[in-house]
Amino acid sequence: MEISQQKNGEVLTLILKGRLDATWSNHVQAAISAGIRSGAHRIHLDMDQVLYLSSAGISALLNAYKELMTIQGEFVIPRCSEPVRNVLELSGLGNLLSGGSILPTAAGRASAEPATQQLESEQATFEAHSLGSFPAQRCRAVGDPAMLGTAAFTAAQPVDFPEGSLGIGLGAFGTDFADCSGRFGEILAVAGAGACHPTDGSRTPDYIISEGALIPKFQLLYGLACHGKFSKLLRYEPKALRGRIGMEEIARTALAQSGGSLAVIAMVAEASSLVGATLQRAPVGAPGGKVFDFPGIRDWFSFTAERAHTDCVCVVIGVVSDGSDTHLAPFLRPIGSDPKLIGHFHAAAFSYRPVQKGKIDLKETISGLFQNQHLEGVLHLLADMREVHGAGESEFFRGACWIAPAEVAL
């Protein structure tokens with residue numbers, strides 16, 4: 001089989017020639033998936049030169065259709081040969097696949113959307129959607145991060161994270177400090193879901209999704225807990241094909257869009273790679289230790305010396321500041337090459353699935369990831385900007401970033 005492609009605006013057309021059978025079904029599905037990864041959410045399949053379609057080929061078409069419907073995309077077969085049409089009609093798929101998209105056209109969707117603000121940087125294009133006027137989110141600091149340097153933690157604070165709140169820090173799921181003493185690691189919580197990366201040697205991240213009276217509750221050594229609504233949704237894509245956008249650029253744009261000096265962000269993105277660190281040992285029971293001294297630091301932390309979690313989809317939670325407010329200074333560090341732009345971000349990496357375009361719902365998107373994708377890890381994002389050996393910063397292909405101005409709850 002021959003597979004070629006044409007791009008016309010938002011529509012990517014794959015032109016097939018040959019037999020779509022068990023031998024070629026995976027190749028066709030892979031070509032469609034590659035198109036989705038490149039940012040095409042409207043895919044047409046020209047099957048006018050396909051003379052045979054087997055059940056394996058039908059399965060590939062259905063899988064592609066379901067993948068695009070999940071992200072509110074479009075999958076259409078505008079042209080097909082008579083043998084293909086007969087197979088589709090006999091299998092009950094003629095109207096669904098040959099008759100056109102079951103979703104509104106792009107023009108129809110655009111007319112229903114409120115006006116958006118278009119922004120550009122050197123590397124990316126941004127689309128800002130207003131979600132409403134709400135008070136600034138209230139951010140509360142929990143614990144003392146300085147105690148990490150000596151592994152001197154002797155207590156934890158229980159913190160609930162129901163829907164409408166988010167948080168990052170070091171903690172664990174459990175009943176009390178003693179119960180969690182061998183598992184404390186990186187945590188994040190958002191939209192009624194919470195995840196942690198335990199340090200008990202299992203290397204298996206755990207999570208809880210709100211259901212009824214069940215909500216994520218952590219024993220927190222230290223962290224930031226924020227509560228409130230998001231006022232903006234920022235969508236972003238690179239200008240270049242398969243281009244990448246750095247975490248620093250996204251954070252700077254989000255802070256500017258917040259209109260304040262401190263902002264809370266929750267991001268769901270298709271990531272090129274993540275750069276960061278995870279604890280390997282719980283920072284308890286070793287008072288007076290020197291966690292950050294070399295070479296012992298390698299026993300405490302696992303760093304991404306090379307880029308990790310390549311081509312994944314991730315949830316990133318955190319705060320970003322211009323440095324003018326010092327109340328959260330112990331929790332914040334430079335997040336890139338600009339020392340004035342400081343923040344603290346944790347990421348949960350999942351197996352890949354494309355992120356829907358347009359104005360999407362945070363809770364629905366987060367729940368879909370935790371319920372349907374494999375959680376691979378939770379890590380603290382860092383920027384390693386050394387000229388020769390540095391791993392750089394986390395980079396993303398495209399995504400959605402919910403933004404709110406924030407104020408510190410003293």
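These legends go with a set of close-up views of the predicted model.

Local features here need pLDDT of at least 70 and side-chain atom pairs count only at pLDDT 80 or more, while totals for chains, interfaces and linings use all residues. Residues are numbered from 1 along each chain as its sequence is written, and side-chain values use heavy atoms, with hydrogens and water left out.

**View 1. Tyr207 and Phe370 form a tilted aromatic pair.** Rings of Phe, Tyr and Trp (its six-membered ring) pair if their centres lie within 6.5 Å; planes under 30 degrees apart are stacked, over 60 edge-to-face, and the rest tilted. By this rule there are 10 aromatic pairs. In this one, the rings are 5.4 Å apart centre to centre, with 50° between the planes. Tyr207 belongs to strand E12 (residues 206–209) and Phe370 to helix H9 (residues 362–372), so the pair ties together parts that are 163 residues apart in sequence. Helices (H or I, at least four residues) and strands (E, at least two) are DSSP runs, numbered from the N terminus. Tyr207 is partly exposed at 37% relative accessible area, but Phe370 is buried at 1%. Buried means under 20%, exposed over 50%, and partly exposed in between (1.4 Å probe, protein chains only).

**View 2. Phe292 and Phe301 make a stacked pair.** Their centres are 5.6 Å apart and their planes 15° apart. Phe292 is partly exposed at 46%, whereas Phe301 is buried at 10%.

**View 3. Arg281 lies over the face of Trp300.** Here the distance to the ring centre is 3.8 Å. Arg19 does something like this with Tyr52: its charged end sits over the ring, 4.1 Å from the centre. To count, NZ of Lys or CZ of Arg must be within 6 Å of the ring centre and within 35 degrees of the ring normal.

**View 4. Val190 sits in the largest nonpolar core.** Such a core is a set of buried Ala, Val, Leu, Ile, Met, Phe, Trp, Tyr and Cys residues joined through side-chain atoms within 4.5 Å. Strand E23 (residues 395–408) gives the largest share, five residues.

**View 5. Strand E7 (residues 137–142) pairs with E23 and with strand E13 (residues 217–227).** Strands pair if DSSP finds at least two bridges between them. E7 and E23 run parallel, joined by three bridges, and Arg138 has Glu407 as its bridge partner. With E13, E7 is antiparallel over five bridges, and Cys139 is partnered with Cys226.
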